[in-house]
Amino acid sequence: MTHRQAFYLSRRQVMRGLLAASALGVAKFGAGCTSVNSNATGGKGEPLTVGFIYVGPKDDYGYSQAHALGAAAIAKIPGIRVVEEANVAETNAVQETMRSMINLDGATVIFPTSFGYFDPHVLAVAKEFPKVQFFHAGGLYQEGVHPNNVGSYFGYIDEAQYIAGIVAGHATQSNKLGFVAAKPIPQVLRNINSFTLGARSVNPTVKTQVIFTGEWSEPVKEAETTNSMADQGVDVVTCHVDSPKVIMETAEKRGIYCSGYHADQASLAPKGYLTGAEWDWSSIYTQYAQELLADKTLMDDSIPHLLRGGLSSQFCKLSPYGAAVTAKAKADAEAAKQRLLSNEVAIYKGEIKDNTGKVQIQAQQEMKQQAIELEKMNWLVEGVDGKVTG
Amino acid sequence: MMVKHWRKTLEAICIPIGALLVALVLFGGFCAIAGANPFGVYSSIYRAAFGTWSSFQNTLIRAAPLMLSSLCTALPARLGLVIIGNEGAIVIGGLSAVAVGLFLDGSAPTIVQIGMALGGIVAGGLWIALVGALRHYRAVNETISSLLLNYIAIAILNQLVSGVMRDPSSLNKPSTYPIGMASMLGTLPGTRVHYGLLFGIVACGLAYLLIQRTTFGFAARIAGGNLRAARIAGLPVGKLTMAICFLGGACAGLAGMVEVAAVHGRANESLNANYGYGGVLVAFVARHNPLAAVLVSVLLGGILASSGILQRSHNLPDATALVFQGLVFLVVLYSESLYGKFEMFKERSAIAPSVA
């Protein structure tokens, strides 16, 4: 049966395809294949070709979309030509993509945007092409260990999560927040802790329930998790997975609030979307693009090899507040944002206990965003329901 | 006899090629609807997959793991088993290879590599032999059990990599300790293609000889054709099942070892990169013929290699290569039903006497 169906479908498609193919073939005859989103070249002759590589689809409402928005922003700058490839696995496939961008498209700058591309893939290709510059999202560069045509950048997005936590702490009625997380790794734990600290700074009775799905992209499990959280009385969910799409949609369907991550998901949950911790890659990539156009390079150290920052250096931002956010919540959130922007307070200021009762940060001790201990975080803060071991 | 043989061979060549052409035309239609010039797309695919030596290496790099992985489905298929546990066997093989590699740390690179290969082969083999045992002794459906074992394998990988086997310095991408540059498999001379390609071609060749030219293969094919007849003839069906499942799993396990030893240098979540499911497709399209699997792997490798150029030069969505892959496999599988339907491929000797 299925074979027959496939056949009939195919036949119709053959006809349609043939017609369209011949029509287009005539119309576009001789046009060739030069439809890359190239832009007008600036004052110089040759545009600078910049390759962007994403681990997921460009429209995932998440990690890859955030980077693609940044790429789209610099594609508008005269003198920059952007080539992009999405859904590239963290295997030798990404090495082949980089080689192909360099050899076939003439890319001289590559942005491999997934964390897992770095070692061994970016390092291997960077050694092969010492004149091409590689900017990796992950902050993994080590002076003297890695090739000098490699740069790395990453943001302290947990600052935005802290503020989103404040908004969530105001919005919750049940005092139960939910956090759908991929893996219990330091970056994710830090977001969970900052979100919870933010919420408890305005509402000390709040508890955050965390569930680890185990994978970066597992839509079915993410939806199930969100549903079970809603069943247990959680009324605000947020997340750290590659694509928050189904989590936001499920929350909206269940009539609870949600707080976004990576990119703006307001359109997925028009009623319940409070705010969200977003990357602001357009600002970072524009900054890099201007340096590159000014003929600065990583190789002569005129572009720093390591670039990190938070809200104040425009690595991240908050989604516009949703309709459900009260004036009081907005005021508290904005006040906290100002304090973080001025770098006068740290989120991790003692005394902070973990959820087993152990003191992790001593009273009087303050850990600023760059503190190396925070990069190795392996605990969940008091008020979080969940275990690091999953 | 000769005439019949000749026509059958021609049929076996013409139908797949015809199917491929139909798939290309269908895909051209899809591209046209998506707003790209189909002829430009065809030439780009050719350029990106086979056009230059450099791009052909890209194709071969992607084809290498598929060859080994496809045998995990193709070999048991000869015994009538539909096994899709390739992904799990790759993951378990890779994990075991890392464990052996780290255990032998400090030995000569050749020793480490042989140890890792054996580790991958044995672990992958036992993993799929377990499926065979469940099938033979407990009558558990092998397709379902092998599919479910994939999830268990991935869960074991995640558990070990973020637990006892974790290198504490791998903060945000939990991984095992690296096996060290010295122990890594190199590339074939004059290319950037790793030794996995050679392993794949040799394994497919051996599998072909085993199935077509040995008594073991003959026995397996008999059991695959008619289980009862095989039992009545006194063939050890249980042993055959276990052995062929072990061999299939061993090939996938070796693919896992190659991923570790030639690509990543350690085990982490990247080990689970869909080569298993790709291998299932290859095996089915190759009609479980190991030699055809080599060619189909190269074809699929080429499709994967062209994915980038479709996005970068034609502004097609990233799923385009998947659409192409899906169309090719759908049409090729459909074409299976056409065998024996064309007059020109039918044996004449049978008709001739009735006419005379």
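**Close-up views of chain A**

**View 1. The open sheet of chain A, in a predicted model.** Six strands of chain A form an open sheet with parallel pairing, in the order 2-1-3-4-5-11, where strands (E, at least two residues) and helices (H or I, at least four residues) are DSSP runs numbered from the N terminus, and two strands pair if DSSP finds at least two bridges between them. Strand 2 (80-85) and strand 11 (306-309) of chain A each have a single partner strand and stand at the edges, so one side of each is left without a neighbour in the sheet. Direction ignored, neighbouring strands of this sheet are turned by 15 degrees against each other on average. This is a predicted model, in which local features need pLDDT of at least 70 and side-chain atom pairs count only at pLDDT 80 or more, while totals for chains, interfaces and linings use all residues. Residues are numbered from 1 along each chain as its sequence is written, and chains are lettered from A and ligands numbered from 1 in the order in which they are written.

**View 2. Strand 1 beside strand 2, and the helices on the sheet.** Strand 1 (residues 48-53) of chain A pairs with strand 2 of chain A in the parallel sense over six bridges, and A:Thr49 has A:Arg81 in strand 2 of chain A as its bridge partner. Helix 3 (residues 92-103) of chain A packs on the sheet, where it touches strand 1, strand 2 and strand 3 (109-112) of chain A, and its direction makes about 155 degrees with that of strand 3 of chain A; contact here requires C-beta atoms, placed from the backbone, within 7 Å, and angles run from 0 to 180 degrees between N-to-C directions of axes fitted to C-alpha atoms, for helices over the stretch in contact. Helix 4 (residues 118-128) of chain A also packs on the sheet, touching strand 3, strand 4 (133-137) and strand 5 (150-155) of chain A, and its direction makes about 170 degrees with that of strand 4 of chain A.

**View 3. Where domain 1 of chain A meets domain 2 of chain A.** The domain assignment, automatic or from a database, gives domain 1 (48-155 + 281-309) and domain 2 (158-275 + 336-385) of chain A. Their contact takes nine residues from domain 1 of chain A and 10 residues from domain 2 of chain A. On the side of domain 1 of chain A that touches domain 2 of chain A, helix 2 (residues 63-75) of chain A gives the most, with four residues.

Key: Contact = placed C-beta atoms within 7 Å.
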